[in-house]
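Okay, thanks everyone for coming. I'd like to walk you through one model today, so let me put it up on the screen.

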Amino acid sequence: MSDLQARLVEIIRATPTTLQVLRTVRDLDLPDGMVFSGAVYQPVWNHLTGRAPDYGIKDYDVAYHDASDTSYEAEDVVIQRVAAAFDEPLRSLVEVRNQARVHLWFEQKFGADEPYPPLESSADALKRFVATAFCVGVRMEADDTLSVFAPFGLEDLFALRLRPNPLRVKGAGGWARTTGSAKARWPEIVVEGE
């Protein structure tokens, strides 16, 4: 484990709500389950900027990958099962998505300005996020260790730097809206190309 991965794990372990979501996802034994996006990178920014661990976290993105049934009905069964495992307010904040079916609705929901081929795993989804600092996921293993997935590394995350994902179509994905929202909550971050 790299030094930055070790720091990330330490910060996540000190973020009770994210840790609770990770533990619940693990205990539910979701196929290829992990927690990613804001529930992972935002506690790091909060730690680095002296804010409360849960500051700015609007939801907890839970991913799983089950290609055996990509129907909405099958995904909804998992969504309801996960929701039942939490009390409010977490029940309303945990968002579950089967990564094996994202390609079925992505272009319709977000616009067809770039293709969205099927994902092979939950970690594969991390390569599709708008900014490299967002491309981080964590899984709690059976022995309580935390596995970190970060296809672009963690340097941008710990540098408080938003840089466009080099694998995404330039200008796609609402870059200005996304970076503006992040900058409003964490004015310390630097947006590349600003």
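Before anything else, when I say contact here, I mean heavy atoms within 4.5 Å. And keep in mind that this is a predicted model.

So let's start with Leu 8. Leaving out the neighbours within four places in sequence, Leu 8 is in contact with Val 40, Val 44, Val 136, Val 138, Val 148, Leu 154, Leu 157 and Phe 158. The largest nonpolar core has 57 residues, and Leu 8 is among the members that touch the most others, along with Val 21, Trp 45, Val 94, Leu 157 and Leu 162. As a general point, nonpolar side chains in soluble globular proteins tend to be buried together.

Now the helix that Leu 8 belongs to. In α1, residues 3–13, the buried ones are Leu 8, Val 9, Ile 11 and Ile 12. Look down the axis of α1 and these buried residues fall within an arc of 165°, so they line one face of the helix. Turned away from that buried side you'll find Asp 3 and Glu 10, both exposed. And what covers the buried residues? The cover includes α2 (16–28), α3 (38–49), β4 (137–140), β5 (146–149) and α8 (155–158).

On to the sheet. Five strands make an open sheet, ordered β3-β2-β1-β4-β5, with mixed pairing. β3 and β5 are the edge strands, each pairing on one side only. From one strand to the next, the twist averages 30°. α3 packs on this sheet, touching β1 (34–36), β2 and β4, and its direction makes about 50° with that of β1. As for α1, that helix lies across β4 and β5, running at about 125° to β5.

β2, residues 60–64, pairs with β3 in the parallel sense, over five bridges. Asp 61 has Glu 95 as its bridge partner in β3, and Tyr 64 stands opposite Asn 98. Which residues of β3 are on its covered face, and which on the uncovered one? Val 94, Val 96 and Asn 98 are on the covered face, while Glu 95 and Arg 97 are on the uncovered one.

One last stop, Arg 168, in the loop between β6 (161–162) and α9 (175–185). Arg 168 counts as buried because its relative accessibility is 15%, and the cut-off is under 20%. A polar atom of the Arg 168 side chain lies 2.4 Å from the backbone oxygen of Arg 128.

That's my tour, happy to take questions.

How values were computed
Residues numbered from 1 in each chain as written. Predicted model: local features only at pLDDT ≥ 70, side-chain atom pairs only at ≥ 80, totals over all residues. Heavy atoms only, no water. Core = buried A, V, L, I, M, F, W, Y, C linked by side-chain atoms within 4.5 Å. Buried < 20%, exposed > 50% of the residue type's maximum accessible area, 1.4 Å probe, protein only. Helix = DSSP H or I, 4+ residues; strand = E, 2+ residues; numbered from the N terminus. Polar contact = N/O pair within 3.5 Å; in protein donor to acceptor, adjacent residues only side chain to side chain. Arc of directions from axis to C-beta. Pairing = 2+ DSSP bridges. Axes fitted to C-alpha atoms, helices over the stretch in contact; angles between N-to-C directions.
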